[in-house]
Amino acid sequence: MNILFVHQNFPGQFKHLAPALLRAGHAVTALVPSTNSPSEWNGIKLIPYALDRGNTIGAHPWIVDFESKVIRGEACLRLALSLRAQGYVPDIILAHPGWGESLFLKEVWPQAKLKLYCEFFYRTSGTDVGFDPEFYSSDPADGGRVALKNANVLLQFQNADSGLSPTHWQASTFPEFIRDKITVIHDGIDTDLISPNATAEFVLNTGQKFTRQDEVITFVARALEPYRGFHTFMRALPKLLKARATAQVIITGKEGISYGAEPTGSKSWKALFCDEVLPQLTPQQKERVHFSGHIEYAQFLSLLQVSRVHVYLTYPFVLSWSLLEAMSAGCSIVASNTEPLREVIKSEETGRLFNFFDSVALADSVIELLENAGIRAQMGKAARDFVVQSYDLTRVCLPKQIKWLFD
């Protein structure tokens with residue numbers, strides 16, 4: 001069959017599914033932005049689309065986001081018309097709707113099945129918006145802004161045949177008429193690759209080396225921002241480092257934002273919370289806090305394998321692969337008691353949950369686990385067993401995704 005993937009950051013969530021379909025003998029193609037498009041990826045043909053205009057100067061600020069999606073959608077529409085003229089007709093289009101590229105593709109290929117990756121539907125309460133009182137917006141008009149963020153997805157589901165969501169909670173954020181079309185299957189975790197390794201080593205760019213013999217505490221986020229609890233984690237460090245005189249804290253993530261808003265002023269979130277917390281530490285304690293920045297995937301896996309306790313926090317938002325990867329590596333987990341984490345962290349079984357805003361409880365939970373190797377080992381094994389059973393890539397998730405695709 002002809003299968004067309006559409007994703008602004010292809011392969012994104014399709015990094016396992018697309019190659020599996022190619023190996024099965026299907027003709028797999030992807031539409032990608034022209035700004036980052038080699039001719040192929042893992043044997044999959046990449047067809048670039050180019051934008052011929054930018055956003056309207058002076059447009060209403062609530063409209064800018066939607067206009068960006070329409071601009072991308074139009075670019076993909078024009079490319080699709082050209083492909084159709086050349087004889088290309090997909091049987092299935094699998095798209096992440098978040099950036100608007102697939103808005104108009106059914107106008108070109110009405111007979112193709114359109115299947116959408118349902119990552120998140122914005123709401124004014126019960127999810128990320130308004131969750132954190134420290135950065136709460138009191139603007140009563142926020143509801144209008146949030147509603148327009150969903151316009152793109154609502155329009156696409158007028159023509160979509162079905163949806164795919166990685167967690168039950170993320171699926172539950174969508175309106176009922178969309179939710180009825182959604183099947184919940186996670187992207188999958190390669191548990192054969194990501195497994196415990198007693199001889200693992202992690203090396204910082206300074207040359208400092210860490211092994212399983214070191215008391216390593218890890219925190220990983222795409223960006224060091226409040227959405228992923230960076231502020232709560234940093235505020236736990238004074239108590240944590242005082243209680244554990246040899247603990248080494250390794251913080252991985254870029255300086256900037258991925259999901260939330262920029263802070264007011266010229267400083268990044270990382271700089272703001274470092275300015276708040278680091279003066280509370282002694283010189284010796286500061287030497288035990290390491291910022292690795294962005295690291296390559298092989299380094300990331302080594303980091304998880306040397307971790308003694310892995311900390312993960314999030315607003316009620318999308319679930320990071322990194323949490324399930326840490327569980328697959330056998331880490332003992334301390335995580336915020338927020339959705340969708342409760343789907344994978346069963347408190348005192350596959351990890352330990354704490355109140356997202358309670359940095360003291362975070363520090364206490366980590367300290368208790370560091371003091372008890374038996375509980376750590378038990379939780380780490382239970383975490384890995386759970387991921388192997390429920391989220392394994394080749395034996396659980398991929399077969400389910402492929403079946404869903406052709407249903």
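Helices (H or I, at least four residues) and strands (E, at least two) are DSSP runs, numbered from the N terminus. Welcome to a predicted model, in which local features need pLDDT of at least 70, side-chain atom pairs count only at pLDDT 80 or more, and totals for chains, interfaces and linings use all residues. Residues are numbered from 1 along each chain as its sequence is written, and side-chain values use heavy atoms, with hydrogens and water left out.

View 1. Along the principal axes, its C-alpha atoms fill a box of roughly 70 × 50 × 40 Å.

**View 2. An open sheet of eight strands.** Two strands pair if DSSP finds at least two bridges between them. Follow the strands here in the order β3-β4-β2-β1-β5-β6-β7-β8, and you will find mixed pairing. At the edges stand β3 (40-41) and β8 (182-184); each has a single partner strand, so one side of each is left without a neighbour in the sheet. Further in, β1 (residues 2-6) and β5 (residues 92-95) run parallel and share four bridges. Look for Ile3, whose bridge partner in β5 is Ile92. Helix α2 (residues 61-85) lies across β2 (27-33) and β4 (44-49), at about 120° to β4. Here contact means heavy atoms within 4.5 Å; axes are lines fitted to C-alpha atoms, for helices over the stretch in contact, and angles run from 0 to 180 degrees between N-to-C directions.

**View 3. An open sheet of six strands with parallel pairing.** The strand order in this view is β13-β12-β11-β14-β15-β16. The edge strands are β13 (289-293) and β16 (352-354), each with a single partner strand, so one side of each lacks a neighbour in the sheet. On average, neighbouring strands of this sheet are turned by 20° against each other, direction ignored. Three bridges link β11 (residues 216-223) with β14 (residues 309-312) in the parallel sense, and Thr218 has His310 in β14 as its bridge partner. Helix α11 lies across β11, β12 (248-254) and β14, running at about 145° to β11.

**View 4. Where α12 meets α14.** Helix α12 (residues 321-328) packs against α14 at an angle of about 115°, and their axes are 7 Å apart. From α12 come Leu324, Met327 and Ser328, which meet residues of α14 including Phe386, Val387 and Tyr391. The residues of this contact divide into six nonpolar, two polar and one charged. In this count Ala, Val, Leu, Ile, Met, Phe, Trp, Tyr, Cys and Pro are nonpolar, Asp, Glu, Lys and Arg are charged, and the others, Gly among them, are polar.

**View 5. The second largest pocket, with a volume of about 280 Å³.** Its lining has 18 residues, of which Arg212, Ser307, Gly330, Arg376 and Ala377 lie nearest the centre. Both α11 (297-306) and α14 (373-391) supply at least two lining residues each, and α14 gives the most, with six. The lining divides into seven nonpolar, six polar and five charged residues. On a 1 Å grid over the protein atoms alone, a pocket is an open set of points where a 1.4 Å probe fits, with protein on both sides within 12 Å along at least five of seven lines, and lining residues have an atom within 4 Å of a point. Grid points are joined across faces, edges and corners, and a volume is the space filled by probe spheres set on the points.

View 6. Most residues other than glycine have a negative phi, and most peptide bonds are trans.
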